[in-house]
Amino acid sequence: MYVAVKGGERAIDNAHGWLAEERRGDPGVAELSVAQIREQLRLAVNRVMAEGSLYDPGLAALAIKQARGDLIEAVFLIRAYRTTLPRLGGSAPIDTAAMAPIRRISATFKDAPGGQVLGPTFDYTHRLLDFKLAAEGGDFPPAAALPSAPAPVPHITEFLNRDGMIEVEPASDATPPDLTREPMDLPTTRPLRLQALTRGDEGFVLSMAYSTQRGYGRTHAFVGELRIGTVAVECDIPELGFAICIGEVEVTECETVNQFKGSKTEPPQFTRGYGLTFGQNERKAIAMSLVDRALRWQELGEDFIGAPAQDEEFVLMHSDNVQATGFLEHIKLPHYVDFQSEMELIRRLRGKALTQKEAAE
Amino acid sequence: MTTPDPSQRQEWMGLLARAPAGRLAALMPSPLPPHDVLRAPEVGAVMVRGRTGATGAPFNLGEMTVTRCSLRLADGSVGHAWVQGRDKDHARRAAIADALLQGPLAAQTRANLLDPLAAEETTRRATRAAKAAATKVEFFTLVRGEDQ
């Protein structure tokens, strides 16, 4: 039975008023601007764009401010905003080989053509708190620059491809399925899994990937290549009849190279896992490529060993933090009637049990 | 009015879309040339796609905000714009520039608008590329025991 409960409007209004005050914090401390968040908390902005599934740094920064830094709440705000936008079209697949990377590393080939470019990375920092940052107006020298002629930076898997050492990705121009338009149907296809993983919760995807490394569905992954940089987005313009570049997005791409012993139809060769996310987001991109590879067991004729990361229903139905939060947190909302019926049931059962006990004595 | 070569038009429309909105506004200050709006600036989303393994089947990566606008100048040139983000003035100015570049003011618009935007974009890219190049690893092999 559903009973509508009214009341609490004043309490709710006052709670939201207090929330606004708490968001602002001590008025003696300068207020954060959206531009400051966009520029100085860029990795948080990137995460919100990736999981919110909408590339717009200004909106993501606003969402972070509104959510008081709760990134899942910010993702929720972006997802809600996204649903109000008309879909103007779909882009041509971005060409990540044409990226001018700010970071590009390979754990498999030291002398990769195009070189190993570290970029602005936390790697090799000592993870010691830097108290200079606590002092305001810290001065630092400008980043070193080494003017250089632009040169192509081909994908590393291309070299393995030439010798037939790695599986070929079958090319296609099929319109991919879109889980934001059609409910997810199991079993899925790899394009749908990649869409779910790239908007999936970073912590969840990381843990799934980590579980495969620890032995729950081993993937034996090497980072064949990790690259970060901006790529052009091209879209067909109906009124023109041709495609134009409508902007640029920063992405992180990870290709893992994995062992494969061969099957009845395929000779031994390396196989691939693929990760691609909006923004500079390498933990997520690496994790995504490991989980992608683990989920491909059936296609590659490997054994299902019951590992969570191999189970697409488990992974895909639990990767979305907005869905998960919605279901998790709904249990804090009024369930008075549900709970009352449970109370009555327990009372009745207890009554019966006590009567039987007394009768037996 | 001449029909522009599509590849040239692709190039300038892309440049106008990638330009920072503030720069476009500075290079095309108000008042803007009189125009009839065919499609008022409209904010929407485009689904950005990637490819499985960079070269395989397409998949949906996520959307990006885009603003589009179409208009006609007094001389009859029709301009279109699709630009990243939610800045309606950016889309309107880009559409006006697209129309101007097809009309009698094409050469002037190219010199005053496209050329500086292209030069600035080249500088931005070169700056990033130079910082990246400074972080390129130069490996050297240490002398190993068995080599001695």
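Start with the charged pairs: over all chains of this predicted model, the salt-bridge count comes to 39. Now color by element. Glu248(A) sits in strand E5 (residues 242-258) of chain A, while Arg125(B) belongs to helix H4 of chain B, so this pair joins two chains.

Next, show everything that lies between the two chains. How many salt bridges cross the interface of chain B and chain A? The rule finds seven. Pick Glu63(B) and Arg82(A) to see one salt bridge between the chains, with 2.4 Å between the closest N and O atoms. While you're here, bring up the polar contacts too: 26 residue pairs are in polar contact between chain B and chain A, counting those with both residues at pLDDT 80 or more.

Want to know which parts of chain B to highlight? The elements that give two or more residues to its side touching chain A are helix H1 (6-18), strand E1 (35-51), strand E2 (58-73), strand E3 (78-84) and helix H4 (106-134) of chain B. Color that side by class and you'll get 24 nonpolar, 15 polar and 13 charged residues.

Zoom out and select the whole contact region. On chain B, 52 residues are in contact with 74 residues of chain A. Together the two chains bury about 5500 Å² between them, with 62% of it on carbon and sulfur atoms. Now click Leu61(B), Glu63(B) and Trp82(B): they supply 14% of the area that chain B buries against chain A, more than any other three residues.

Switch to cartoon view and look at E2(B). Two bridges join it to strand E1 (residues 54-55) of chain A, and the strands run parallel. Select Tyr55(A), and in E2(B) you'll find its bridge partner, Met64(B).

Last stop: the sheet in chain A. Here four strands form an open sheet in the order E3-E4-E5-E6, with antiparallel pairing. Which strands stand at the edges? Those are strand E3 (100-105) and strand E6 (271-278) of chain A, each with a single partner strand, so one side of each has no neighbour in the sheet. Ignoring direction, neighbouring strands of this sheet are turned by 25° against each other on average.

To finish, follow E3(A) across to strand E4 (residues 221-237) of chain A: the two pair in the antiparallel sense over five bridges. Select Ile105(A), and opposite it in E4(A) stands Leu226(A).

Notes
Residues are numbered from 1 along each chain as its sequence is written. Chains are lettered from A and ligands numbered from 1 in the order in which they are written. This is a predicted model: local features need pLDDT of at least 70, side-chain atom pairs count only at pLDDT 80 or more; totals for chains, interfaces and linings use all residues. Side-chain values use heavy atoms; hydrogens and water are left out. Contact means heavy atoms within 4.5 Å. Buried area is the accessible area (1.4 Å probe) that two parts lose on being put together, summed over both. A salt bridge is a side-chain nitrogen of Lys or Arg within 4 Å of a carboxyl oxygen of Asp or Glu. A polar contact is a pair of N or O atoms within 3.5 Å; within protein, one must be able to donate a hydrogen and the other to accept it, and residues adjacent in sequence count only if both atoms are side-chain atoms. Ala, Val, Leu, Ile, Met, Phe, Trp, Tyr, Cys and Pro count as nonpolar, Asp, Glu, Lys and Arg as charged, and the others, Gly among them, as polar. Two strands pair if DSSP finds at least two bridges between them. Axes are lines fitted to C-alpha atoms, for helices over the stretch in contact, and angles run from 0 to 180 degrees between N-to-C directions.
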